[in-house]
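Please prepare a briefing on the structure shown below.

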Amino acid sequence: MAAGRLSFRNITALAPMVRVGTLPMRLLALDYGADVVYCEELIDIKMAQCQRVVNDVLETVDFVAPDDRVMFRTCDREKGRVVFQMGTADPDRALSVARLVEKDVAAIDVNMGCPKEYSTKGGMGAALLSDPDKIEAILKKLVTGVSIPVTCKIRILPSVEETVSLVQRIEKTGVAAVAVHGRLKDERPRHPVHCDYIQAVAQAVSIPVIANGGSLDLVKTNADVEEFRKATGASSVMLARAAMWNASVFSNRGPLPLEKVMEDYLKYAIRYDNHVFNSKYCLCQMLRDKVESPLGKQVQAAQTNAEISEAYGLRELYRQTQERLQARRAALQSGCQPDPLVMDGDVTTMAVKFERREYPAHITPKMFLLEWSRKEKLEQPLYETVQRSQDRAFQSVVTVAEKKYRSSLWEKSKKFAEQAAAVVCLRVLGIPEGRIGEEDSGLVCKRKREGKMNGATEEEGSNKRHEADIQQETASAKTAAAGNGDHRKPDTPPEQQEG
């Protein structure tokens, strides 16, 4: 193996887990001693639509979907040890996604073990186990098409012989390792793991075999990891639920008190601006039977990262982090050249994305543009919005004083598209737009400029709008998901999803 390439021999890895394997959990696992961390399964057709964006504020690399959602976020801390796992049933699309991320990850993994309908219905996950020709086509395409190691993760087949035969065929594609979850696709975590199957596979191939599936029965502490390795004869071990419940299972000093582990997790969630609902979900998984405790109820009731931080006594850290990030954002903005103007017929366009967090909760560019129009005794701004069919994104044109303005970028909702158009108009005209840190222009009355409205803080208001956006998009997202193979149910626990 070439120098610098990730090795899968004698490692302990964080398994891919839906809604759990995001950046904060991966960094936490590395801190506690994991050698390799896998991201959650990400569907190829979703990732293929993403753009790679360097986030200078967070010091991350983000892969951003057309609806402005960050599908995958990574940073230098994990670059040499993070494995990107994708769900795919198409060799060409798999290669396209792998090439998109290969400069930012250490290896590519293909999920061939998830038994849930959202994955198998699209021909992905465990559905691939019954199509070895497609398995071979996908893996060969990846192995020959990218410069980093390629692996896959499977479940066992009904017989030892079938399982061994499949893995031997997988080995011939040139993959660097194979992870074997020692359960049949119809079995669930409550069923015992079949160590004998993993052992037979490990004896039959020369590539590293990573044993998975022992969290409930066999692995409860770090000392158990080596016992599971010996019981399966595998080169390495991959942990899912045991790590989700307490990531210090990776530490030979563990297990650490759960309170300490949750606090360490939350520090990363704050530092890397993890979405509040994802942070809540992970913390509730750690709390397990304590989820109805006073702390658990406080976490469940939280609607903002500030409220979660307060529950854990980290409100001051949260405040300091937000100030630091805002200062960095402001410094970057002050050093930027203005976005260039482009005329598209009679429409003035500029590449502007509406970033809600840059404005107070109750202040918007549309509000500033409306107040300015009234002050100048002009007609009310007129917005015309269109939606494109391929990704259901929106773009809006605003007409002010018989002149038209539009952002050249598409937004995830009609509201955001209108705000982006208003921003373009305001910037072209040199009018304040209401961003945090701007001097008071007098366009909006003091009551509206205050940090609260109806008792809602800036972050609370932002999250309420975010929830409303999600609800607004649910119906169209379900329709789109049926066509693109992303059938994941967002609220399904990872122990049910992880394959």
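E316 counts as partly exposed, at 41% relative accessibility; this class lies between buried (under 20% relative accessible area) and exposed (over 50%), computed with a 1.4 Å probe on protein chains only. The model is predicted, so local features need pLDDT of at least 70 and side-chain atom pairs count only at pLDDT 80 or more, while totals for chains, interfaces and linings use all residues. Residues are numbered from 1 along each chain as its sequence is written, and side-chain values use heavy atoms, leaving out hydrogens and water.

**Salt bridges**

- E316 forms a salt bridge with R319, with 2.3 Å between the closest N and O atoms; the term requires a side-chain nitrogen of Lys or Arg within 4 Å of a carboxyl oxygen of Asp or Glu.
- Both E316 and R319 belong to helix α14 (residues 315-334), where they are three residues apart, about one turn of the helix. Helices (H or I, at least four residues) and strands (E, at least two) are DSSP runs, numbered from the N terminus.
- R319 is partly exposed, with a relative accessible area of 35%.
- R77 and D31 meet through their side chains in a salt bridge (2.6 Å, N to O). Because R77 lies in the loop between β6 (70-74) and β7 (82-87) and D31 in helix α1 (residues 23-32), this pair ties together parts that are 46 residues apart in sequence.
- A further salt bridge joins the side chains of R73 and D62 (2.8 Å, N to O). It links distant parts of the chain, with R73 in strand β6 and D62 in strand β5 (residues 60-64), 11 residues apart.
- R73 is buried, with a relative accessible area of 16%, and D62 is buried at 3%.
- D133, E136, K140 and R169 are linked in a network of salt bridges.
- The whole structure contains 26 salt bridges.

**The sheet and its helices**

- An open sheet of five strands has the order β13-β14-β17-β16-β15, with mixed pairing; two strands pair if DSSP finds at least two bridges between them.
- β13 (342-344) and β15 (382-387) stand at the edges with a single partner strand each, so one side of each is left without a neighbour in the sheet.
- β15 pairs with strand β16 (residues 394-400) in the antiparallel sense over six bridges, and V386 stands opposite Q395 in β16.
- Helix α15 (residues 365-375) packs on the sheet, touching β15 and β16, and its direction makes about 15 degrees with that of β16. Contact means heavy atoms within 4.5 Å; axes are lines fitted to C-alpha atoms, for helices over the stretch in contact, and angles run from 0 to 180 degrees between N-to-C directions.
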